[in-house]
Amino acid sequence: MPLLTIATFLPILAGLALMALPDRSTKKAHTVSIAATGAVFLITLGIWARGIVAGDFAQVEEIAWIPAIGAAYRLGVDGLSLPLVLLTSLLFLLSALYSARIGERAASYVVLMLMLETASLGTFMALDGLLFYVFFEVSLVGMYFMIAGWGYEERQRAALMFFLYTLVGSLPLLLAIIGLYLGSGTFDMRVWVEGTTLGGLPAMLALIAMLVTFAVKIPAFPVHTWLPAAHVQAPTAGSVILAGVMLKFGTYGLMRFAYQMTPEAFAQAGQVILAFGVVSALYGAFAALAQSDLKKMIAYTSVNHMGYVVMGVAIAALATEPRIRTIALDGATLQMVSHGLVTGALFFLVGMLQDRAHTRGIGDFGGLLGRVPWLGWAFILSAFASLGLPGLAHFPAEFQIFLATLNGMPWGLIAILAIVVTAALYLRAIAGVFLGEMNDKWADMPDLDRREKLVVLPLLVLTVLIGVAPGWLIDMIHTTMTGLGN
């Protein structure tokens, strides 16, 4: 049974079926959304159960598409893509549950979300360069309309900024894909990842083109400026998907395309790439510290945490020992997953707080922990995870990245300062919102209801599980990273 194809296209087929119904009521729309995303999540668990193999792609599904140019419909998974597929299906299911409160044009909202899930899963599972680019670009359309249609006050400007930045930023990747095709005569990414398609100047030019595209998508400093506006103005589920899934397009592309397809050029540029990762980590932390809006603060911490991923991949390219390269790649991939879980939880919780108070300003609250203990403790746990506290999800990922940095390029350890800054900004947020004297304005604020608990609890449980016992996830990742490290 072609589980990868079913998982990829079930969401958009469910969305089209919804649009064909004569009755597209709010209740029916959200029922379709939850049922479709729930089914996809179960299917991805089935894909996980089938397993992956060391040193190759598993569960490959392939059908001729445009034989004349060597393009085909190809899907497959490995230790890099499978964890992101599982993360994607989980976050879309939880976003569908959270979004059941949306009544305005619910059917259109659901169709966009389901289209976005298809594009996201396709991006991570595509093994054809042309097919990858199609999925990569379709995702922009879904997120643009989600921000523009259901965002906040300045949603039109934020949506346009997001679309233009990422669309223009994607064009260099198209040139790199064409270059890889001309060098190999095929769009088969299994051929490209052997790293021998391009060499010398063509490889360096292709790498530069890829780095431009993926730096915008990650986003890395200084091409990050679209991110805070998009996050602040996006609806809550949009922020969760943007941070938890779509930012991973950039880091996934950095590893799959730049690191694997142009390895020699990547190693030559490794010092520069590492510097951008370090600067992004530091800049993101200090910029987040300067924010008084909770959502914007969390948005900037994404720049910080994605900077660590860039550092890990750069260290893997620079390190001379296979063991250090593998540790760096394991840590970078684990960081992608942990960031999706932790930041997804934080955006959900800030959205729930905004639903109640209609504000996100740190200074507008105070003493809420006694009034909304579920929301408060959930936020505190997620904040501690985000700042890298041992026993929570970010710690094993960041520990591996910094361990590899220490052994491979010690000057990169100046990025550890970002952890101190991140701790300061979250402690400030916790103190300003949940501790101290309670603002009487929020004396009647309700705590999380059953649906909201159902949304955040899976993320919190996984955050603790990965922090305490990450071996099951690292083993999945390690299956592929051992080969890449060697």
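Where is the place of Arg-325? Arg-325 sits in helix 14, which covers residues 322-357. The model is predicted.

**Arg-325**
- Arg-325 is buried and has no salt bridge.
- Glu-321 is the nearest side chain of opposite charge, and it lies 8.9 Å from Arg-325; a salt bridge would need a side-chain nitrogen of Arg within 4 Å of a carboxyl oxygen of Asp or Glu.
- The Arg-325 side chain does reach a backbone oxygen, that of Ala-319, at 3.0 Å.

**His-394**
- His-394 belongs to helix 16 (residues 394-408).
- His-394 counts as buried because its relative accessibility is 0%.
- Its side chain makes a polar contact of 3.2 Å with the side chain of Gln-335.
- The side chains of His-394 and Ser-338 are joined by a polar contact of 3.0 Å.
- Apart from neighbours within four places in sequence, the residues in contact with His-394 are His-305, Gln-335, Ser-338, His-339, Val-342, Ala-385, Ser-386 and Gly-388.

**Nonpolar surface patch**
- Helix 2 (residues 26-50) contributes the most to the patch, with three residues.
- Trp-472 lies in helix 19 (residues 471-485).
- Trp-472 counts as partly exposed because its relative accessibility is 32%, and patch residues must have over 30%.

Definitions and conventions:
Residues are numbered from 1 along each chain as its sequence is written. This is a predicted model: local features need pLDDT of at least 70, side-chain atom pairs count only at pLDDT 80 or more; totals for chains, interfaces and linings use all residues. Side-chain values use heavy atoms; hydrogens and water are left out. Helices (H or I, at least four residues) and strands (E, at least two) are DSSP runs, numbered from the N terminus. Buried means under 20% relative accessible area, exposed over 50%, partly exposed in between (1.4 Å probe, protein chains only). Lys and Arg count as positive and Asp and Glu as negative; His and the chain ends are not counted. A polar contact is a pair of N or O atoms within 3.5 Å; within protein, one must be able to donate a hydrogen and the other to accept it, and residues adjacent in sequence count only if both atoms are side-chain atoms. Contact means heavy atoms within 4.5 Å.
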